Amino acid sequence: MLRGEHAGSAACVAVATALWILLDPRTILASRGDGRLHVTFVDVGQGDAIFVVFPHGSTLLVDAGGLSSASFDVGDRVVAPVIRDAGFYRLDYLALTHGDPDHIGGAASDPRGIPAARGLGRYPGSAFRRL
């Protein structure tokens, strides 16, 4: 059992550790931006996915990659981890350049709860009905 000064120090360390885990400082820092433009071209096989972080921390995903299938979901297994690894858990914008499945396939999956605040573009065709 800790006594006196040691108990207070241990409690401070425990509280600081809990706050570090709960608040995830990397996410807080990423959301404010670092003053630089970051562009990541994601290898999604056929199609495109480009993740952009603007200087003040806003995010944009241009297209969401290849064809999703029952056995492999490119949005969930490829695109979402890139976004999370950069310290983000939501997108400010999702821009889909056109309705071909190799450009919107990953967006249809709602990759592990990474919502987009705004969608950019209007596209005819049945491919967008499921989005």
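Reader: Which residue in β4 is the bridge partner of Leu 61?

Author: The bridge partner of Leu 61 is Leu 94 in β4. Strands here are DSSP runs of E with at least two residues, helices are runs of H or I with at least four, and both are numbered from the N terminus.

Reader: What should I know about the model itself?

Author: The model is predicted; local features need pLDDT of at least 70, side-chain atom pairs count only at pLDDT 80 or more, and totals for chains, interfaces and linings use all residues. Residues are numbered from 1 along each chain as its sequence is written, and side-chain values use heavy atoms, with hydrogens and water left out.

Reader: Back to β3, then. How many bridges join β3 to β4, and do they run parallel or antiparallel?

Author: Three bridges join β3 to β4 (residues 91-95), and the two run parallel. Strand β2 (residues 50-53) is joined to β3 by four bridges and runs antiparallel to it. Strands count as paired if DSSP finds at least two bridges between them. Val 53 stands opposite Thr 59 of β3.

Reader: Which residues of β3 are buried on each side?

Author: Thr 59 and Leu 61 are buried on one side, Leu 60 and Val 62 on the other, and both faces of β3 (residues 59-62) are covered. Buried means under 20% relative accessible area, exposed over 50%, and partly exposed in between (1.4 Å probe, protein chains only). In a regular strand the side chains alternate between the two faces of the sheet.

Reader: And the hairpin of β2 and β3: which residue takes a positive phi?

Author: Gly 57 does, near 100°, in a hairpin with five residues between the strands.

Reader: Which residues have the most contacts inside the largest nonpolar core?

Author: Val 44, Phe 51, Leu 61, Val 79 and Ile 83 have the most contacts in this core of 17 residues. The helix α3 gives the most to the core, with four residues. Such a core is a set of buried Ala, Val, Leu, Ile, Met, Phe, Trp, Tyr and Cys residues joined through side-chain atoms within 4.5 Å.

Reader: What does Phe 51 touch?

Author: Leaving aside residues up to four places away in sequence, Phe 51 touches residues including Thr 59, Leu 61, Ile 83 and Leu 91. A contact means heavy atoms within 4.5 Å.

Reader: Changing topic, where is Leu 37 found?

Author: Leu 37 is found in the loop between α2 (25-32) and β1 (38-41). Leu 37 is exposed, with a relative accessible area of 52%.
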